Amino acid sequence: MALIRLILGKLILFFNWLFKPKGMQRDAQDQAIIDQQTSALQLYQYEACPFCVKVRRAMTRLSLDIQVRDVKRSATAKEELLAGGGRLKVPCLRIVNEQGAIEWMYESSDIVNYLENRFSGVTQSSRA
Ligand SMILES: N[C@@H](CCC(=O)N[C@@H](CS)C(=O)NCC(=O)O)C(=O)O
């Protein structure tokens with residue numbers, strides 16, 4: 001079972017690499033604003049988890065520089081996820097909102113929707 005999981009994981013990573021999505025282009029000023037906003041986000045994940053790959057592909061498509069914390073490789077990241085989110089389940093997006101409150105968002109589809117809703121449009125500064 002572990003071997004099958006390992007092979008499947010490698011295949012997922014291979015196809016992800018082969019069909020890597022193109023990142024959207026923004027001008028430097030807009031990208032700097034987005035980078036500032038994404039500095040408040042962290043993705044807790046496993047490298048070869050298909051749901052995590054789905055979220056990382058959305059990040060690539062949207063050109064989002066979000067810090068990735070690997071829960072399998074880092075005991076600290078695992079503790080942070082358990083203590084903050086309450087469940088050892090990935091992917092999970094840690095969001096610090098404008099008031100400084102922290103939200104832990106589970107479910108890959110919810111995370112992708114959140115990222116698309118927040119970051120796929122034009123930035124405020126660019127068209128002011
Ligand atoms: N419906 C979830 C599924 C996530 C999921 O099953 N993740 C697995 C890793 S691939 C996991 O964390 N399993 C541990 C658990 O469920 O406790 C999503 O779309 O994010």
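**Before starting.** I am working with a predicted model, where local features need pLDDT of at least 70, side-chain atom pairs count only at pLDDT 80 or more, and totals for chains, interfaces and linings use all residues. Residues are numbered from 1 along each chain as its sequence is written, and side-chain values use heavy atoms, with hydrogens and water left out.

**Entry 1: α1 and α3.** I reminded myself that two packed helices are described by the angle between their axes and the distance between the axes. I looked up helix α1 (residues 2-18) and helix α3 (residues 50-61), which pack at about 15 degrees with axes 10 Å apart. Helices here are DSSP runs of H or I with at least four residues, strands are E runs of at least two, and both are numbered from the N terminus. Axes are lines fitted to C-alpha atoms, for helices over the stretch in contact, and angles run from 0 to 180 degrees between N-to-C directions. The pair α1 and α3 is therefore roughly parallel (under 35 degrees; over 145 is roughly antiparallel, 65 to 115 roughly perpendicular, the rest oblique). On the α1 side I found Ile12, Leu13 and Asn16 making the contact, and on the α3 side Pro50, Val53, Arg56 and Arg57 (contact means heavy atoms within 4.5 Å). I sorted these residues into four nonpolar, one polar and two charged. In that sorting, Ala, Val, Leu, Ile, Met, Phe, Trp, Tyr, Cys and Pro are nonpolar, Asp, Glu, Lys and Arg are charged, and the others, Gly among them, are polar.

**Entry 2: α3 and α5.** Next I followed α3 to helix α5 (residues 108-119), where the axes come within 9 Å and cross at roughly 5 degrees. This pair is therefore roughly parallel. Among the residues that meet are Phe51 and Val55 in α3, and Ile111 and Leu115 in α5. The contact of α3 with α5 divides into seven nonpolar, two polar and three charged residues.

**Entry 3: the ligand.** Which residues surround the ligand? I listed Cys49, Phe51, Leu88, Lys89, Val90, Pro91, Glu107 and Ser108 (each has a heavy atom within 4 Å of the ligand). A ligand nitrogen is 2.8 Å from a polar backbone atom of Val90, and a ligand nitrogen is 2.8 Å from an N or O atom in the Glu107 side chain.

Entry 4: Most residues other than glycine have a negative phi, and most peptide bonds are trans. The bond from Val90 to Pro91 is cis, with omega near 0 degrees, and Pro91 is in the loop between α4 (75-84) and β3 (92-96). Glu107, in the loop between β4 (102-106) and α5, has a positive phi of about 80 degrees. Ser63 has a positive phi too, near 55 degrees, and I found Ser63 in the loop between α3 and β2 (67-70). Not counting residues up to four places away in sequence, Ser63 touches Gly23, Met24, Arg26 and Gln31.

Definitions and conventions: A polar contact is a pair of N or O atoms within 3.5 Å; within protein, one must be able to donate a hydrogen and the other to accept it, and residues adjacent in sequence count only if both atoms are side-chain atoms.
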